[in-house]
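Colleague: I am new to this structure. Could you show it to me, please?
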Amino acid sequence: MVARGQDSAPMEPYNAATRAVVSWLGVLLGISSINHGVLEMMQGNAPTPGSFVKALGPGHSWTLWVHGGEPAFTLLPNFLLTGILATVMGILLIIWSTKFIDRRGGATIFLLLSIASFLAGGGQAQVLLFTLNWAAATRIRANLGFWHWIIPAPLRRTLSGAWRPVLIAVGILFLAALEIATFGYFPGLPNDTQALTRILWRIAAAMIVAVLLAMLAGFAHDIEVSAEDPRLHP
């Protein structure tokens, strides 16, 4: 009788699809921080011109951005130190996102690591993404009742089956933007930095939409799964 009562007791929510979405985006943010860090280290043991810097230095023949690029913010007045710390923060973000983000306080630690990455030259464009990812990470072990109420059932069922493809699209868009911002290469496009800039903005907009859609799809999938498991309900 005791065992039966234990089996029927409500389980703590654990939203596996949400966890996967958050982990994947955390890994991408870590890769971006490492990318910025490597580019900053390539500028050597030199002073920064201020807190706002270009992680990609000017004068490289392997990139179309001959005047440099990849804006970043740093509290460290040295490119080499900034790059080392941004790289370390990126590695920690990847480790934390894949191994520990679903633990108690995991979302908070992720946010602190992301802020540290930003302050150490890990890139400015990531601020919105890591803020959204932190907010989604707080839902890994939370009841999704609000989203159950706000997402209509037909849409929820459609989104539930789409979270993996949308997450793949997020990765493709993110890595494409990172490649263009670093090397300036886009298939079939001539060496036109103005055109590349327009493409980057469009990819960035599409990526934000895809990130939001992936998070909603993850929520929808977890809601559908919990609806099929009576142990997740009182």
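Colleague: What volume does the largest cavity have?
Modeller: The largest cavity has a volume of about 70 Å³. A cavity is a set of points, on a 1 Å grid over the protein atoms alone, where a 1.4 Å probe fits but cannot get out; its volume is the space filled by probe spheres set on the points, which are joined across faces, edges and corners. This is a predicted model, in which local features need pLDDT of at least 70, side-chain atom pairs count only at pLDDT 80 or more, and totals for chains, interfaces and linings use all residues. Residues are numbered from 1 along each chain as its sequence is written, and side-chain values use heavy atoms, without hydrogens and water.
Colleague: Which residues line the largest cavity?
Modeller: Its lining, meaning residues with an atom within 4 Å of a point, includes L29, S32, L93, F118 and F130. By class, four lining residues are nonpolar, seven are polar and none is charged.
Colleague: And what about the second largest cavity: what lines it?
Modeller: The second largest cavity is lined by V21, L25, L167, V170, V211, A214 and M215. The largest share of that lining, three residues, comes from α9.
Colleague: Turning to α3, how many residues does it have?
Modeller: Helix α3 (residues 79–99) has 21 residues; helices are DSSP runs (H or I, at least four residues), numbered from the N terminus.
Colleague: Which of its residues are buried?
Modeller: Among the buried residues of α3 are F79, M89, L93 and W96, where buried means under 20% relative accessible area with a 1.4 Å probe, protein chains only.
Colleague: What caps its N-terminal end?
Modeller: N78 does, with a side-chain oxygen 2.9 Å from the backbone nitrogen of L80.

Technical notes: Helix = DSSP H or I, 4+ residues; strand = E, 2+ residues; numbered from the N terminus. Expected span 1.5 Å × (residues − 1). Buried < 20%, exposed > 50% of the residue type's maximum accessible area, 1.4 Å probe, protein only. Polar contact = N/O pair within 3.5 Å; in protein donor to acceptor, adjacent residues only side chain to side chain. 1 Å grid on protein atoms, 1.4 Å probe; cavity = no way out; pocket = protein on both sides within 12 Å on 5 of 7 lines; lining within 4 Å. Nonpolar A, V, L, I, M, F, W, Y, C, P; charged D, E, K, R; others polar.
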